[in-house]
Amino acid sequence: MDQRTLTDALREFRPVEIPLDGRRAAAIAIPVGVLRGEPVVCLTKRSSTLRAHPGQYAFPGGRLDSGETAVEAALRELSEELGVQLTGDDVLGRLDDFATKSGYVMSPFVVWIGDGVEAIHPNPDEVAHVYAVTLDEVDVDPIFVSDPAVEEPVVQWPFRGALVHAPTAAVLHQFREVALHARHTRVAHFGQPVFAWR
């Protein structure tokens, strides 16, 4: 998968936007680039000292500042968390909004960082580690588990002996479906583990 192939795949996809309905707007960046000639997706592990969601796998992101668009917020968070400076021209497309149980509507944007993967300089206050995830690692089937406290099936994404949970797992699964297989799979109905929102 190169930049053009990914752009074409995202252009064919029609993302679903979710009204806020009292929730707060947030945005994330899904950074895709090339490392030693191989396409990778950059996934982070959040710092254990963060107040919200410490130690969890995530993409760079956060809530929108006043007067900011979702794209602007995603790019700002990418800069603040990974030290990667991009513009709107580097945004290849977007995936479906995802309403989190913690009260946000999260808008995911796929951004192309090209060879900038090696130049990533994570902010240690926010990011404990950055993973360059290969497409073979992305292209795995999710796991669905039940939880008596959650109505929907809870989605998990297997990664290097660990499990990534929703909403990040849902975003990764949709990225896999859309970018790698041209399957326009919806994920907004997937459940989130209780620890992600309580």
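Contact here means heavy atoms within 4.5 Å. This is a predicted model, so to speak: local features need pLDDT of at least 70, side-chain atom pairs count only at pLDDT 80 or more, and totals for chains, interfaces and linings use all residues. Residues are numbered from 1 along each chain as its sequence is written, and side-chain values use heavy atoms, with hydrogens and water left out.

**View 1. Val 140 and its contacts.** Look for Val 140 in the loop between helix H3 (135-138) and strand E9 (143-147); helices (H or I, at least four residues) and strands (E, at least two) are DSSP runs, numbered from the N terminus. Setting aside neighbours within four places in sequence, Val 140 is in contact with Trp 157, Pro 158 and Arg 176. Arg 176 sits 36 residues from Val 140 along the chain, and their C-alpha atoms are 8.2 Å apart. With a relative accessible area of 25%, Val 140 counts as partly exposed; buried means under 20%, exposed over 50%, and partly exposed in between (1.4 Å probe, protein chains only).

View 2. Pro 158, one of the contacts of Val 140, has Leu 163 in E11 as its bridge partner. Two residues lie between the strands, and Arg 160 in this hairpin takes a positive phi near 50 degrees.

**View 3. Helix H2 and its cover.** Helix H2 covers residues 70-82, and its end C-alpha atoms are 18 Å apart, which agrees with the 18 Å its 13 residues should span at 1.5 Å a residue. That expected span is 1.5 Å times one less than the number of residues. Among the buried residues of H2 are Ala 73, Ala 74, Leu 78 and Leu 82. What covers the buried residues includes strand E1 (24-35), strand E5 (91-94) and strand E8 (127-134).

View 4. Most residues other than glycine have a negative phi, and most peptide bonds are trans. Asp 21, though, has a positive phi near 50 degrees. You'll find Asp 21 in the loop between helix H1 (3-12) and E1, where it is exposed, with a relative accessible area of 64%. Elsewhere, a cis peptide bond joins Ala 166 and Pro 167, with omega about 10 degrees. Pro 167 is in the loop between E11 and helix H4 (168-181).

Conventions. Pairing = 2+ DSSP bridges.
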